[in-house]
Amino acid sequence: MIKRPKKVLLLGSGALKIGQAGEFDYSGSQALKALKDEGIATVLINPNIATIQTSEGMADAVYFLPVDPHFVERVIEKERPDAIMLSFGGQTALNCGVELHTTGVFAKHTIGVLGTPVDSIIDTEDRGRFVARLDEIGVKTPRSFPAGSLDEARAAAKRVGYPVMLRVAYALGGSGSGIARTERELDGIVRRALTHAPQVLVEEYLAGWKEVEYEVVRDSADNCITVCNMENFDPLGIHTGESIVVAPSQTLDDHEYHRLRAVALEVIRHFGIVGECNIQYALDPHSDDYRVIEVNARLSRSSALASKATGYPLAYVATKLALGHTLPELANSITQRTSACFEPALDYVVVKVPRWDLQKFRNVSKLIGSEMKSVGEVMAIGRTFEEALQKAVRMLQVGMHGVVGNRISFPDVRAELRKPTDRRLFAIPVAMRAGIDVEEIHHLSRIDRWFLHSIRRIVSYERRLSGLGEGAAIPPETLLEGKRLGFSDAQIATVLGTTEDAVREERKRCGIMPFVKQIDTLAAEYPARTNYLYLTYNATEDDVAFGAAGGKRSGKRKAPIIVLGSGAYRIGSSVEFDWCAVSAAQTLSEIGHETIMINYNPETVSTDYDVCDRLYFDELSFESVQDIYEKERPEGIILSVGGQIPNNLAMRCHAKGLKVIGTSPTDIDTAENRHAFSQALDELGIDQPAWKELTGFDEAARFAASVGYPVLVRPSYILSGAAMNVAFTRDDLRAFLSAATEVSPEHPVVITKFITGAREIEIDAVADKGRLSLWAVSEHVENAGVHSGDATLVLPPQKTYLETIRRIRRITERIAARLSISGPFNIQFIAKDNDIKVIECNLRASRSFPFVSKVCKENFIAHATRLMLGRRSAARNNSLDLGYVGVKYPQFSFSRLKGADPVLGVEMASTGEVGCLGDTLEEAFLKAVIATGVRITKRSVLLSVSGEKNRYRMLDEMRALHRLGYVIYATEHTAAFLARNGIAARRVRKIHERRRPTVMDHLVVGRIGLVINIPDVTKKAFIDDSYLLRRAAIDFSVPLFTNMELAKLFIGAIEKTRVEDLRITAWHEYSR
Amino acid sequence: MKRILLELEDGTSYPGYSFGAKRSAAGEVVFNTGMVGYPQALTDPSYHQQILVCTYPLIGNYGVPRPDPKDPLAMPFESDRIHVAGLVVSDYSAGYSHHAAAKSLGFWLAEHRVPGICGIDTRALTKRLRDEGTMLGRIMYDEEPPFIDPNLTNLVSQVTVPAPRTYGSGGPTVALIDCGCKHNIIRSFLKRGVRVVRVPYDFDLSAIDFDGLFISNGPGDPKMCAPAVRQLRGFLKEDLPVFGICLGIQLMALASGADTYKLPFGHRSQNQPCLETGTKRCVITSQNHGYAVDGKALRKGWHPWFENANDGTIEGIRCADRPHCAVQFHPEAMPGPTDTDYLFDRFVSLLRDRQS
């Protein structure tokens, strides 16, 4: 029996990155709740300041510090916990825990590891041991040989036979993995992989096999269940994080389903896992042969998905089991009357589709394969596969109406099916329309025929619909059939050549409305008081009552209020908006309102069963929101806490009479509409960069010439700077204009004067009926021109004049009054000398709300929510006199995006962020940089700074590196500059110089510990030496700085502060 | 697809579309929450004369294999025919895909003259059956068949084997009282080297020699099987190993002097948790029964062995001083989880002890 701990240390997963995203906020939050239920004290280490788990009321002590052995050990020394949990913080926490175990840190401090023993974790992580352990019980794994060197890898590949699968041990999201068809390809992959991993696995390649996963739970009494199984739509060879996934499996019969289930139980027992694990299989589509691909002895992306897909609280239960409870002791938290020791029965189908943002990166390969590139995912629920799949496609918010009804074409559709990209799903209907049959599509894509039959059903419905003729009346039966296949009103309208409103009217006239169904884990076998809901047209009655009858259930006195969540995590919108939505729901609940959440992202806390009174796991489209609104008849709807997707619905809500709580939709529209906003600023006498809305190239070029290059080119509705670009020349402008108009044809292009060398400052604020109530000003470390989402934020500002801050505050007050703002908003400014210009204003919560709220210890969203509902709310404006400094620093995932140019620009590229606190800017900054995975292991640096002016500006820092004893390598001009200034440096050759050793050779052998490459931003060559150098730094895992201000701050920080001296201080110990 | 109707005895009706056989049918309407295994479920004799509602909405995905003419026990079928009277699903998948499939579910149903109805809100229907209890119903294709209550007839006599049949050779022998036995029970014995003598449910066992007795699953009310209960009474007084599954446990309970009763809507699923009494062990089981053993009426010497972790009903009983035991769930699975397959090992080792 496990000794009951008094204080438990939980490791979080750090910043969101590709392969490790919001799912660990969900699992960590549930773990903390479960520990709290047990009355156990909790300490959390997680530098991800935007998470819900690091919020007040979750852990007893929170450390915004890197999840890395050094910092974790320091926290252990300080907090003296008696147990630790490693399986709730993804691969980051697991790897850190394994290292602390191996180096004897846990033993030294007598800390018990709760849940799965570390030796079992190592058995699942070390491929050699993994295969050996499974061989012991006769469970099949792919033929696999470990290789620690290139020669070993070549020999192993010869034994397995080409093509071979190459995998990297201890890698999150399959980083560095790949398929090699020839020795040449193998050489490339292995060389790259061995730079950041000690071992590569050379394995048999099971092309075209099905990929199936099970989520398995085991308790200390050896009871075992599988909570969910899932099948990949895409065949093996495409990473499960890149695949469309369906739950439960669709093409497995009883024999296959239960055989793999039995193997899963056998495996989890053999490894001795206690808690949760995930097992992935390859299944031969031509026989019942299988292989176990991998076992993850921790909560994972798949377990979060399984939890949301079934309603079974996996992370909560796993925590209870780690504390020694057994499954039969625990109740099913959905039904409250049945046991947690059971396997959910689904009476619906769940489809997960990944969301990619590859178009944001220059030079990136769009092919999808064994490495993860997607940045988020959506989950849709339906009662036909077609319904769920089409919902999911729309949820991606990439401009698609569904599987069909889109404007999309492929130069070679067969090639797309054979070598899939992020658009492969859409190639299937295109191929079908071109007369390519299911059989051929199956042979090209290896996607199971069952899925293709379903898509064919959608395509043939579309054909019948368009056969009705332009503007023809649609028979009610046909309309219902379409809705049951998941067609949206807008999609039907597109096919029929009519309007969304017309389809909706006709639908309502025929009485065709969606029904609300519950997710109850037991397929209605027992009554359940579940609040977990979805919409479907494949039904004839609602599961729940609405209005007064529904409200009684929650015991709340006040009418329900709908909160719209943020949808899929993507670049520009992720966990920070989940924090905002959860904060708003919690505040509404405190006030006494029943809360209704709409969101569809399985990686979120806002979709947890205990966050709101009712959860609609469904689309955030206007159609669905309106359907839910009409059923629930709420007091109103809050759309200012979920980012841009809900915000974009403002005017449509207004037009159809849905009550929006907070700032009026017409005022939101004024802020969103560039003309109206600009006019308002002019009236207020507030300055802004010169801009013009234009429709043709010639007038655009004339305008650019008149204000002077560079200019910023962008469409009028902005979502994280999509399709934004800076044109330095007339040629640039011509190139971008075609790209920008392709993104948003309804909206003309806006050209703005791009101001260089200016500082960027933002204000996050809350207003009450036009009166500024709460605000915090943050400054960017980088100069203007770096997207605010990629910028390093400092709070309180360290370099901004007080006079500037005073002016910003006054401008903010005037804008708040002019737009009658009620609720959260954010304004971005650029300041050059004493000039302040407004560059952006959003009348909604911004990405930085959780950061400023936590640094200031004042929940901006809670305050805003109370004010929006007419409540009194007191808040202290203390952001200028904090006794410490907060730094928000971006996390990039360039290493996952083969080929992508890791340079900062006006397009946002970061996938996550960390926020750290310190007594000084340098201290907070250094913690934040380390928290994103930067490790300075060698005192050697490569400097490649373009432009003499830039080199002068960095001279002090170059000297500092020299003083610190760094061996300095430099490229041609930088080396000459250093020589002129008496700093010893070794000149290295660029790749184009064709004489070895080049920069690349030094990086390959690991001679360089840090790269500072300040490129000439005006150069637009896609492949040049500077790009190759940056890319090589990423591929060989060498820390890289490409921004001048950032590089200077970093060098300054390492000069002043040693990592060992960084203070270990909990959030609550920083006093304001 | 033709529009047809499912009607319940209380007058509620559910319009849907026809698939499978183009005809009407009547029976007792029951729901099953299993997500896989329709070929096994439809051929399970325990569903005889029942109209089966699948709560999982997508049915037919992996088609149906061709039966093996050389092996009457071949998987995935649990008997030689479809036993359900009708099938009710939400979304019928005509476009099937599986390496073993030879035909669609609809085609197979039509071959066996069994009607199907799809496009039904099976969750709404299930909730009705759960709240109001199992009901009689009929699928109306183009006529209105009368409602039929199968529990008023001796269903077992309709599904039992007509004459004794022997499977396998060598090893210990088990006499299998066939009340509507699923094929995988026979396969489970054969796999363990046991010779099986399968006899009609009312067969006089004094004529044959065997090392243990097994009573199979089967349809309907156990109290309709008086001849089997009478014969069992004698065996329960002896030390011969006896094992029963599903209807088998109910017949053994009746023979031991205990009672059975009808559950409001039965247990038909693949996720039923069962606690082994006196341990912390909980197994996940496959179930298909409408009647249960009354735990309060167990006679002296008999003890609960397994209990349902959800509703506390009796899932297994055993005799304290004789090798007699039985379970309500299906250790042979098919469809469902195979967690309790070990119960066959236990029983077979008793047979071997007896043989030697």
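## A salt bridge between the chains

A salt bridge is a side-chain nitrogen of Lys or Arg within 4 Å of a carboxyl oxygen of Asp or Glu. In this predicted model, E477(A) and R3(B) form one through their side chains, with N and O 3.1 Å apart. In total, nine salt bridges link chain A and chain B.

## The interface

Chain A brings 63 residues to the contact and chain B brings 54 residues. Between them an area of about 4600 Å² is buried, and carbon and sulfur atoms give 48% of it. Of the area that chain A buries against chain B, 15% comes from D254(A), R383(A) and E525(A), more than from any other three residues.

The interface of chain A and chain B also holds 30 residue pairs in polar contact. Elements giving two or more residues to the side of chain A that touches chain B include β11, α9 (254-271) and α17 of chain A. The largest share, nine residues, is from α9(A). By type, this side of chain A has 25 nonpolar, 14 polar and 24 charged residues.

## Strand β11 and its partners

Strand β11 (residues 224-232) of chain A is largely enclosed by the rest of the structure, because nine of its nine residues are buried. Strand β10 (residues 210-218) runs antiparallel to β11(A), joined by seven bridges; Y214(A) has N229(A) as its bridge partner. Five residues lie between the strands of this hairpin, where D222(A) has a positive phi near 75°.

Two bridges connect β11(A) with the antiparallel strand β12 (residues 245-247), and E231(A) is partnered there by V246(A).

## Helix α17

Helix α17 of chain A covers residues 476-484 and contains T478(A). T478(A) counts as buried because its relative accessibility is 16%, under the 20% cut-off. Beyond its neighbours within four places in sequence, T478(A) contacts Y461(A) and L465(A).

Methods. Residues numbered from 1 in each chain as written. Chains lettered and ligands numbered in written order. Predicted model: local features only at pLDDT ≥ 70, side-chain atom pairs only at ≥ 80, totals over all residues. Heavy atoms only, no water. Helix = DSSP H or I, 4+ residues; strand = E, 2+ residues; numbered from the N terminus. Buried < 20%, exposed > 50% of the residue type's maximum accessible area, 1.4 Å probe, protein only. Contact = heavy atoms within 4.5 Å. Pairing = 2+ DSSP bridges. Buried area = accessible area lost by both parts, 1.4 Å probe. Polar contact = N/O pair within 3.5 Å; in protein donor to acceptor, adjacent residues only side chain to side chain. Nonpolar A, V, L, I, M, F, W, Y, C, P; charged D, E, K, R; others polar.
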